[in-house]
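Thanks for coming, everyone. I would like to walk you through one model this morning, beginning with a single residue and then stepping back to the chain.

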Amino acid sequence: MATELELASAANRRPIGNAEVAHSRWEGFQGVRLTGPRTSVEPVTAERDTADIFQAATGGEDTDRIFDYMNVGPFSGEEQVHALLIERQASTDPVFVVYRDNATGRLGGMGSFMEIRPAVGVAEIGHIWFGRAWQRDVRATEVLSLKMKHVLETLGYRRLEWKCDAMNTASRSAALRLGFRYEGIFLNHMIVKGRSRDTAWFSLTQEEWPAVREAHDRWLAPENFDAGGRQKCSLSDLTRALW
């Protein structure tokens, strides 16, 4: 039988979190350079990148739609892109990066590491867009996988976030395909291009990453693609099986 003192102690006990975290601070993202078999992730350099980014943003059909849910674009000239990249290369949070094809040397899009909280080991990948040539292409998946690995494995962050306009079904599908978990909707979260935005939140934790990385590695492996470049096993099937 428990004594009155033991019962009182149990009643006064309150949950105050999970396992203790010994790590006190995580590193940042300045000057990040990542390389995969097909692609590379590099810091923005305005003088070098303007022409390529403009071409990626305007090459192909219906390119204005690329920027429907972005806080920038579409672009009518290289001078707009150059001015934007000057700002973005100086930014420390977000830290903007460009995505390069290793074979051609050409850029296919850009994005960022953002909402960086080194004191608690949490960060986000965002501002992601790809030109038409990279959309639904293995290169787009590879650069995002490189960024996820850098945050959760190389730097050892505890949590990686993905956020998007709640109406952006393509981005929401991409988050789930990559292995992020859906967490919910933040109502009236932002104003983008003068319009109120509800934001869908997704996350991936350090503990979840090894299984997700295995799925990524399996999907990105050359043997997962036939001679025509068509996938044999979808990444969505691999990551859906994890949860």
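Let me begin with a term: a polar contact here is a pair of N or O atoms within 3.5 Å, where, within protein, one must be able to donate a hydrogen and the other to accept it, and where residues adjacent in sequence count only if both atoms are side-chain atoms. By that rule, the side chain of Glu124 makes a polar contact with the side chain of Lys163, at 2.7 Å.

Please keep in mind that this is a predicted model, in which local features need pLDDT of at least 70 and side-chain atom pairs count only at pLDDT 80 or more, while totals for chains, interfaces and linings use all residues. Residues are numbered from 1 along each chain as its sequence is written, and side-chain values use heavy atoms, with hydrogens and water left out.

Where does Glu124 sit? It is found in strand 5, residues 122-130, strands being DSSP runs of E with at least two residues, numbered from the N terminus. Glu124 is buried, with a relative accessible area of 4%, where buried means under 20% with a 1.4 Å probe, counting protein chains only. Leaving aside neighbours within four places in sequence, Glu124 is in contact (heavy atoms within 4.5 Å) with several residues, among them Ser112, Phe113, Leu160 and Trp162.

Stepping back, the protein chain has seven helices and eight strands, helices being DSSP runs of H or I with at least four residues. Of its 243 residues, 48% are buried, and its C-alpha atoms fill a box of roughly 80 × 45 × 35 Å along the principal axes.

Notes:
Buried < 20%, exposed > 50% of the residue type's maximum accessible area, 1.4 Å probe, protein only.
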